[in-house]
Amino acid sequence: MKLKKAKIDWDSLGFELVKTRSMYMATCRNGEEWAHGSLVPFGNIELSPAAVVLNYGQGVFEGTKAFHTYNDQISLFRINRNARRMHFSTKRLCIPQINSDFFVNSVISTVKDNLDFVPPYGKGSMYIRPIVWGTSPALGVRAASDYTFVIYVSPVGPYFKGGVKLLNLKIETNYHRAAPKGIGNAKAIGNYSASLYPLLKAKQKGFDEVIYLDSVAEDRIEEIGSANLFIYNKGILKTPKLNGAILDGVTRDSVCKIGSDILGLKVEETDIFLKDLFEAEEAFCTGTAVEVTPIGKVSYKDKCYKFNKGQIGPIAKKLQKTLINIQRNEIDNPFDWLLPIII
Ligand code: COI
């Protein structure tokens with residue numbers, strides 16, 4: 001089937017919102033089930049200034065992607081993992097739990113209604129942002145009684161300006177992102193607001209992003225805020241183990257599986273200390289938005305450490321390529337990660 005495409009300069013896409021035709025919207029009262037929603041024109045929403053989300057940050061979101069694949073299908077990538085995490089995050093933030101069928105069906109209707117905004121094969125992807133928040137007003141601290149769930153989409157290219165490059169990261173010693181028994185492992189909006197100030201400060205000094213340290217053991221690596229972190233050294237691929245503060249990233253899990261099942265690497269989800277990072281042959285970060293992005297160098301206090309002489313390493317390169325190949329359905333693989341919605 002020939003898929004119609006919107007009039008967009010697909011080659012100059014970055015990670016900025018491009019408005020599309022429609023968004024999905026549903027509401028739910030506490031104690032009821034998410035059941036009814038519909039597509040509405042993409043646009044602004046009206047909210048009480050006393051809405052719980054605005055005052056107390058009761059909101060969670062997801063990030064997932066649709067791809068125009070090699071065989072001319074439009075497919076979702078590991079959408080069930082996002083559904084599972086949304087279920088977990090809504091529970092943690094006292095939001096009526098969004099079940100998997102409702103979540104996946106809503107994503108499918110949104111993508112189908114905006115099909116012409118899925119970039120052509122090989123030109124990026126459609127980023128899908130499901131978000132849910134406490135809508136009703138409350139002056140005292142408590143969960144809302146009414147909730148709104150929205151899914152909007154945007155065609156995207158690379159997350160970091162200028163395309164895939166080698167990141168220059170600051171190891172953050174002044175701020176933590178999350179605490180182990182907090183909400184760091186939920187995709188809560190508040191985790192991202194906590195990262196804005198350290199990110200701003202780092203960018204002013206020429207860094208692309210920051211690496212957060214564990215709030216208990218400050219010589220242990222946590223995550224990047226917008227992504228998970230991996231190192232490769234002496235044949236072993238390592239990523240920080242999920243400790244309650246780290247987000248259980250879909251790309252993180254995909255890279256672990258590709259590393260072990262396709263590349264035959266030893267993969268460890270374990271503690272990673274600063275010295276492990278400094279000694280690593282390669283380092284890179286993973287996320288739905290950032291995909292697999294290599295790290296060229298990190299700075300800790302006044303010292304700078306380079307990986308693979310500041311070039312993308314062979315392992316990061318293979319993982320990056322294999323993930324994209326799988327997402328575009330270009331290679332046979334042992335996984336069943338694509339859900340075609342337009343065949
Ligand atoms: C994602 O990778 O989907 C994220 O949610 C990270 C970020 C853009 C907030």
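Lys309 sits in the loop that runs between strand β15 (303–306) and helix α7, where helices (H or I, at least four residues) and strands (E, at least two) are DSSP runs numbered from the N terminus. With a relative accessibility of 76%, Lys309 counts as exposed; the terms used here are buried for under 20% relative accessible area, exposed for over 50%, and partly exposed in between, with a 1.4 Å probe and protein chains only. The phi angle of Lys309 is near 55°, which is a positive value in a residue other than glycine.

This is a predicted model, in which local features need pLDDT of at least 70 and side-chain atom pairs count only at pLDDT 80 or more, while totals for chains, interfaces and linings use all residues. Residues are numbered from 1 along each chain as its sequence is written, and side-chain values use heavy atoms, with hydrogens and water left out.

Asp72 also has a positive phi in a residue other than glycine, with a value near 60°. Asp72 belongs to the loop between β4 (64–68) and β5 (74–77), and its relative accessibility of 39% makes it partly exposed.

**Two pairs of packed helices**

Two packed helices are described by the angle between their axes and the distance between the axes. Here the axes are lines fitted to C-alpha atoms, for helices over the stretch in contact, and the angles run from 0 to 180 degrees between N-to-C directions.

Helix α5 and helix α7 (residues 314–327) have axes that come within 10 Å and cross at roughly 105°. The two helices α5 and α7 are therefore roughly perpendicular to each other, given that angles under 35 degrees count as roughly parallel, over 145 as roughly antiparallel, 65 to 115 as roughly perpendicular and the rest as oblique. On the α5 side, Thr251, Ser254, Val255, Ile258, Gly259 and Ile262 meet Leu319, Thr322, Leu323 and Ile326 of α7, where contact means heavy atoms within 4.5 Å. By class, this contact of α5 with α7 holds six nonpolar, four polar and no charged residues; Ala, Val, Leu, Ile, Met, Phe, Trp, Tyr, Cys and Pro count as nonpolar, Asp, Glu, Lys and Arg as charged, and the others, Gly among them, as polar.

Ile262 lies in helix α5 (residues 250–262) and is partly exposed at 33% relative accessibility. Apart from residues up to four places away in sequence, Ile262 touches Lys257, Thr322, Ile326, Asn333, Pro334 and Phe335.

The other pair consists of helix α2 (residues 79–92) and helix α3 (residues 100–113), which pack at an angle of about 125° with their axes 9 Å apart. That angle makes α2 oblique to α3. From α2, the residues Ile79, Asn80, Asn82, Ala83 and Met86 take part in the contact, and from α3, Ser100, Phe103, Val104 and Val107. These residues of the contact of α2 with α3 divide into six nonpolar, three polar and no charged.

**Buried residues and their partners**

Which residue's side chain makes a polar contact with the side chain of Ser22? The partner is Asp113, at 2.5 Å, where a polar contact is a pair of N or O atoms within 3.5 Å; within protein, one must be able to donate a hydrogen and the other to accept it, and residues adjacent in sequence count only if both atoms are side-chain atoms. Ser22 is placed in strand β1 (residues 22–29) and is buried, at 3% relative accessibility.

Asp116, found in the loop between α3 and β6 (125–134), counts as buried at 15% relative accessibility. The side chains of Asp116 and Arg21 are joined by a polar contact of 2.7 Å. Not counting residues up to four places away in sequence, Asp116 touches Lys4, Lys5, Ala6, Trp10 and Arg21.

Ile272 lies in the loop between β12 (266–270) and α6 (274–279) and is buried, with 0% relative accessibility. Leaving aside neighbours within four places in sequence, Ile272 is in contact with residues including Asp219, Arg220, Ile221 and Leu277.

**Separations in sequence and in space**

The table sets separation in sequence beside C-alpha to C-alpha distance.

| Pair | Apart in sequence | Apart in space, C-alpha to C-alpha |
|---|---|---|
| Gly190 and Ile221 | 31 residues | 20 Å |
| Ile262 and Asn105 | 157 residues | 31 Å |
| Ile272 and Ile108 | 164 residues | 38 Å |

Gly190 from the table is found in helix α4 (residues 189–204) and is partly exposed, with a relative accessible area of 28%.
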